[in-house]
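Here is a short report on one protein model. Keep the sequence and the 3D view open as you read.

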Amino acid sequence: MRSMWKGGISFGLVMIPVRLYAATEQKDIAFRQVHRADGGRIRFRRFCSIGGDEVPYEEVVKGYELPTGEMVVLDDEDLADLPLPTTKSIEVLHFAPAEQLDPILFNRSYYVEPEAAGARAYVLLRDALEQSGRIAIAQVALRQRESLATLRTMDGVLVLETLLWPDEIRAVSFPFLDQEIEVRPQELTMAASLIDSMTSDFDPDAHHDGYREALIEVVEAKVQGRELAQPGALEVAAGPPTSLADALRASLAAAQQEPGGGESEAGAKAIESGAGGSGSEQAGTAKAGKARAGGAKTGSAKAGSAKDGAAEAGSAKAGAAKAGTAKDGGAEAGTAKAGGAAEAGTAKAGTAKAGTGDSGEEGAPKTDSAKSGTGRPARKAS
């Protein structure tokens with residue numbers, strides 16, 4: 001790394017000579033502007049608006065335009081003579097707890113390396129900051145701009161982070177802030193449980209720049225002369241509108257099914273309380289294949305489906321409820337409750353005949369809530 005600034009840290013009456021290095025870099029894919037016909041690079045030239053002559057880069061200086069249209073010309077020597085002490089020093093103003101700074105203030109980060117003569121004072125400041133648990137608030141001028149900054153420790157070195165000035169933070173002004181939006185207590189409980197179930201330690205190495213990787217793949221495909229496989233467009237399955245409580249309940253159930261997610265008591269209670277939010281919020285509208293209602297397995301349960309005129313007895317247990325079996329006379333399948341909360345669809349048995357069930361028991365199995373169309377008791381199988 002090449003240092004981009006040389007000066008000192010002013011800490012009371014102590015001066016620590018240091019160098020600054022850019023701590024971050026943008027890993028972007030560099031593109032050139034070229035001519036489509038032959039791939040030739042597009043070049044830009046600097047021309048003077050008065051004389052029309054091309055101006056070499058070494059003759060380009062800074063200019064400040066006055067309201068009258070006149071131009072004040074400033075060169076590097078003028079900027080070097082600025083009457084500002086922070087042009088060559090990082091002036092520590094005071095110390096503060098790190099949590100008092102909102103991340104929106106942070107601008108750029110720099111590693112601070114001590115000169116050989118200031119290594120002992122540097123280590124003293126670093127260790128004192130670590131023990132205090134605070135950060136230093138400082139001022140420094142970098143690249144013709146004075147900024148607030150912080151000094152903190154990371155991996156045994158001091159890190160300088162420049163801050164934006166308060167008047168550089170835009171004020172928030174959105175219409176919804178003036179509206180009274182009601183959030184139901186059960187929705188808030190499910191949202192808190194969902195946050196808990198999705199909480200884990202942050203590992204930056206677990207994330208990657210998918211967009212940059214896709215760009216590299218496009219370039220490599222062009223070089224090799226092969227077609228690039230296009231991913232399919234994301235399609236949202238059409239279905240009945242899902243309420244906020246339904247979406248939260250399904251998300252929480254899916255998160256608990258993830259490896260290591262676990263089913264907390266608070267999460268189970270949140271699902272159960274959210275299920276009774278309104279008459280229209282049924283488990284049938286939850287996302288199929290992922291949502292579990294109170295831990296009951298409903299995916300494999302067949303509720304009285306007809307098979308060649310023979311009704312299968314509902315064998316799967318949804319929570320603790322028994323699936324109702326078909327009776328003679330167009331009986332309806334029992335509405336098994338999943339975990340005491342979500343309702344399984346009341347599937348009709350159609351034309352299933354009594355006495356031909358696959359349950360293996362003599363006579364028709366008992367049902368919790370199946371209704372007989374004729375009101376007659378079930379007959380024993382022959």
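The report below covers strands, turns, salt bridges and a charged patch.

## A predicted model

The structure is a predicted model. Keep that in mind for every value that follows.

Start with strand β9, residues 157-163. This strand is mostly covered. Six of its seven residues are buried.

Strand β9 pairs with strand β6, which spans residues 106-114. The two are antiparallel, and five bridges link them. Look for Val112: its bridge partner in β9 is Leu158. Strand β8, residues 146-154, also runs antiparallel to β9. Here seven bridges join the pair. On this side, Thr150 has Glu161 of β9 as its bridge partner.

## The turn between β8 and β9

Strands β8 and β9 form a hairpin. Two residues lie between them. Asp155 sits in this turn, in the loop between β8 and β9. Asp155 is exposed, because its relative accessible area is 76% and the cut-off for exposed is over 50%.

Most residues other than glycine have a negative phi.

## A second hairpin

Now move to strand β3, residues 62-65. Four bridges join β3 to β4, and the two strands run antiparallel. Gly63 has Val73 as its bridge partner in β4.

Strands β3 and β4 also make a hairpin, with five residues between them. Gly69 in that turn has a positive phi of about 95 degrees.

## Salt bridges

Side chains of opposite charge can pair when their charged atoms come close. The count for this model comes to six salt bridges. Three of them are described here, starting with Glu168 and Arg145.

The side chains of Glu168 and Arg145 meet at 2.9 Å, N to O. Glu168 is partly exposed, with a relative accessible area of 34%. Arg145 is partly exposed too, at 33%.

Is Glu161 buried or exposed? Glu161 counts as buried, because its relative accessibility is 11% and the cut-off for buried is under 20%. Arg152 counts as partly exposed, at 27%. A further salt bridge joins the side chains of Asp209 and Arg212, at 3.5 Å, N to O. Asp209 is partly exposed, with a relative accessible area of 36%. Arg212 is partly exposed at 29%.

## A patch of negative charge

Which residues gather in a patch of negative charge on the surface? They are Asp75, Asp76, Glu77, Asp78 and Asp81. Find Asp75 in the loop between β4 (71-74) and α1 (76-80). Asp75 counts as partly exposed, at 31% relative accessibility.

Key
Residues are numbered from 1 along each chain as its sequence is written. This is a predicted model: local features need pLDDT of at least 70, side-chain atom pairs count only at pLDDT 80 or more; totals for chains, interfaces and linings use all residues. Side-chain values use heavy atoms; hydrogens and water are left out. Buried means under 20% relative accessible area, exposed over 50%, partly exposed in between (1.4 Å probe, protein chains only). Two strands pair if DSSP finds at least two bridges between them. Patches are made of residues with over 30% relative accessible area and no salt bridge: like charges are joined within 9 Å, nonpolar side chains (Val, Leu, Ile, Met, Phe, Trp, Tyr) within 5 Å. Accessible areas come from the Shrake-Rupley method with a 1.4 Å probe; for residues, only the protein chains shown count as cover. A salt bridge is a side-chain nitrogen of Lys or Arg within 4 Å of a carboxyl oxygen of Asp or Glu. Lys and Arg count as positive and Asp and Glu as negative; His and the chain ends are not counted. The place of a charge is taken as NZ of Lys, CZ of Arg, CG of Asp or CD of Glu.
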